[in-house]
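Reader: I have a structure open and would like to talk through its side chains. Can we start with the aromatic rings?

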Amino acid sequence: AATPVSDIWLNQLKGTRSENITKEFGVTGTEWQVPQSLGIGTYQIWVRTYSAVDTATVSDWSLQKVFRVTTQPETVGPAGRIADATPGLSWEGVQGGETYRVYLSSLSVVGPPLYDVSGLDALSFTVPTDLPIGRYRYWVQASSAYGDRSAWSLPQDFQIVSSPELSGPSSATFDTTPTFNWTDMTATLPNGRGGGASSYDFRLDRLVGSSRISDYIFINTTGTSYTIPAGQELPDGIYQAYVRAKSADTMGDYSTRLEFFVGGRPVIQQIPTGTNQQPLIQWGAVDGASSYEIFIANILAPAKAIIREAGLASTTYQPDFALGQGTFRVWIRAFRADNGAAGLYWSKAVDFTIVSADEMSNDRGTGQIVLAAAGDELLSASTTISVGMLSGMDTTVLRPASHVDTVDNAAEYPAVDVNHETVELTEEVLSDWQNETWWEEPVVSTAGVSADVNAVSERSSSGRGSLFASVFGSVLSLVAARRRDDEESEQS
């Protein structure tokens with residue numbers, strides 16, 4: 001038998017009218033593949049066939065065959081565990097889809113859908129209210145401009161594991177039984193049903209040197225706060241606290257860690273390299289502190305105070321005189337509000353560098369000024385050097401023994417008085433300056449420049465506003481050398 005030859009006519013129904021999509025003539029055989037992708041919608045097809053005996057003879061058009069294209073959207077995400085409580089549900093568009101419908105349900109709590117939103121003209125839907133921890137599922141459906149609907153997408157599951165916000169001690173505290181609070185993670189779902197957390201895990205880790213004691217304290221509670229009980233007072237040291245929410249079918253993520261130091265050791269913010277010779281120094285508040293003491297020294301002689309001032313009521317400090325150029329080191333310690341005693345721990349040292357504008361523009365401010373290369377810069381300022389004649393630091397005074405096993409590097413901490421008793425300090429080098437021509441007797445080191453720092457000014461809360469300056473032995477030797485050269489020139 002001869003192979004039949006046919007004509008094909010394909011239309012799409014668009015509301016109340018039918019519009020031709022394609023025509024194919026002389027199609028051989030008894031099947032035909034649509035040559036183009038069809039969007040979601042309703043279609044009509046007709047076929048007529050030519051006579052195998054007389055090719056000029058053709059049949060009438062067949063009765064119409066109506067079919068629908070219902071291509072389903074493909075969901076993109078979210079999927080799996082997510083911390084975002086207002087996630088964006090997204091999907092791939094389909095041909096012919098003008099708007100979309102999203103259907104979101106809770107798998108943790110039986111009930112009506114949480115959201116059933118139609119008419120979306122975008123490929124995503126952001127959940128407008130926070131979803132509590134739990135499991136969820138959503139589907140997407142497309143609609144054409146003429147009311148045709150696609151099949152529903154395959155279901156997409158995800159799990160909300162957001163964490164509570166944890167609050168507690170500041171970065172440092174004197175309180176050995178601190179209280180911790182966190183946000184309530186129970187909630188009412190958009191469909192009116194209750195959901196979210198049924199309990200919380202509170203975890204406290206203790207850091208000892210380079211080791212971690214995990215779950216130093218670990219409790220499960222239905223409350224939203226926890227206080228270290230009497231009898232379990234926290235020893236001095238560093239701690240990290242976390243909390244997470246739990247429901248019947250979901251364990252949330254742990255909160256951002258809350259790190260604090262029991263014992264009142266302040267934490268100083270980093271100070272960027274710059275040209276400001278009166279930099280602003282800031283540190284975190286210490287819970288239970290009434291005031292603070294600051295200690296600033298040049299790193300070439302870290303035990304010699306350029307500034308030492310107690311009685312600071314705020315957590316910021318700015319010198320009222322220019323420190324000059326160089327690299328400096330700063331420490332802070334807190335004083336207890338309950339008895340006025342100094343805390344046992346100075347902060348960790350923070351170094352900062354002050355450079356010239358030229359150095360800053362040439363990107364030379366890398367942290368330190370090397371003595372061997374500093375001669376010209378120091379000498380240029382020799383005519384304006386002044387020396388504060390206040391009592392200095394006695395470098396033989398030791399840190400309390402209790403510091404030894406709690407600090408990273410004992411050399412990074414300033415010398416402090418034993419048991420925090422007041423120690424009378426004097427400046428041995430400059431104690432009789434008015435009777436000595438000390439500027440004509442430079443101390444020369446084997447490197448050619450003295451690394452000793454001789455001039456020191458110590459400040460107290462009652463003495464702020466006096467004249468202070470730090471004069472390096474290297475500067476003194478260079479000043480003296482210039483004086484001798486000038487005298488020799490005058491004599492000649």
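Reader: How many aromatic pairs does the count come to?
Author: The count comes to 21 aromatic pairs. Rings of Phe, Tyr and Trp (its six-membered ring) pair if their centres lie within 6.5 Å; planes under 30 degrees apart count as stacked, over 60 as edge-to-face and the rest as tilted. Trp-283 and Tyr-292 form an edge-to-face pair, with 5.7 Å centre to centre and 65° between the planes.

Reader: Is this an experimental model or a predicted one?
Author: This is a predicted model: local features need pLDDT of at least 70, side-chain atom pairs count only at pLDDT 80 or more, and totals for chains, interfaces and linings use all residues. Residues are numbered from 1 along each chain as its sequence is written, and side-chain values use heavy atoms, with hydrogens and water left out.

Reader: Back to that pair. Is Trp-283 buried or exposed?
Author: Trp-283 counts as buried, at 3% relative accessibility. Buried means under 20% relative accessible area, exposed over 50%, and partly exposed in between (1.4 Å probe, protein chains only). Tyr-292 is buried too, with a relative accessible area of 4%.

Reader: Which rings link into a cluster?
Author: Ring pairs link Phe-180, Trp-182, Tyr-200, Phe-202, Tyr-216, Tyr-226, Tyr-239 and Phe-260. One of these, Tyr-216, is partly exposed at 31% relative accessibility.

Reader: New topic. How many salt bridges are there?
Author: A search of the whole structure finds 16 salt bridges. Such a bridge is a side-chain nitrogen of Lys or Arg within 4 Å of a carboxyl oxygen of Asp or Glu. In one of them, Asp-7 pairs with Arg-48, and the closest N and O atoms are 3.0 Å apart.

Reader: Where do Asp-7 and Arg-48 lie?
Author: Asp-7 lies in strand 1 (residues 5-14) and Arg-48 in strand 3 (residues 41-49), so the pair ties together parts that are 41 residues apart in sequence. Strands (E, at least two residues) and helices (H or I, at least four) are DSSP runs, numbered from the N terminus. Asp-7 is buried, with a relative accessible area of 0%.

Reader: What about Arg-308 and Glu-293?
Author: Their side chains meet in a salt bridge at 2.6 Å, N to O. Arg-308 is in strand 26 (residues 307-312) and Glu-293 in strand 25 (residues 289-298), 15 residues apart. Arg-308 counts as buried at 7% relative accessibility, and Glu-293 as buried at 5%.

Reader: Which residues do shared partners join into one network?
Author: Salt bridges that share partners join Arg-203, Asp-205, Arg-212 and Asp-215.
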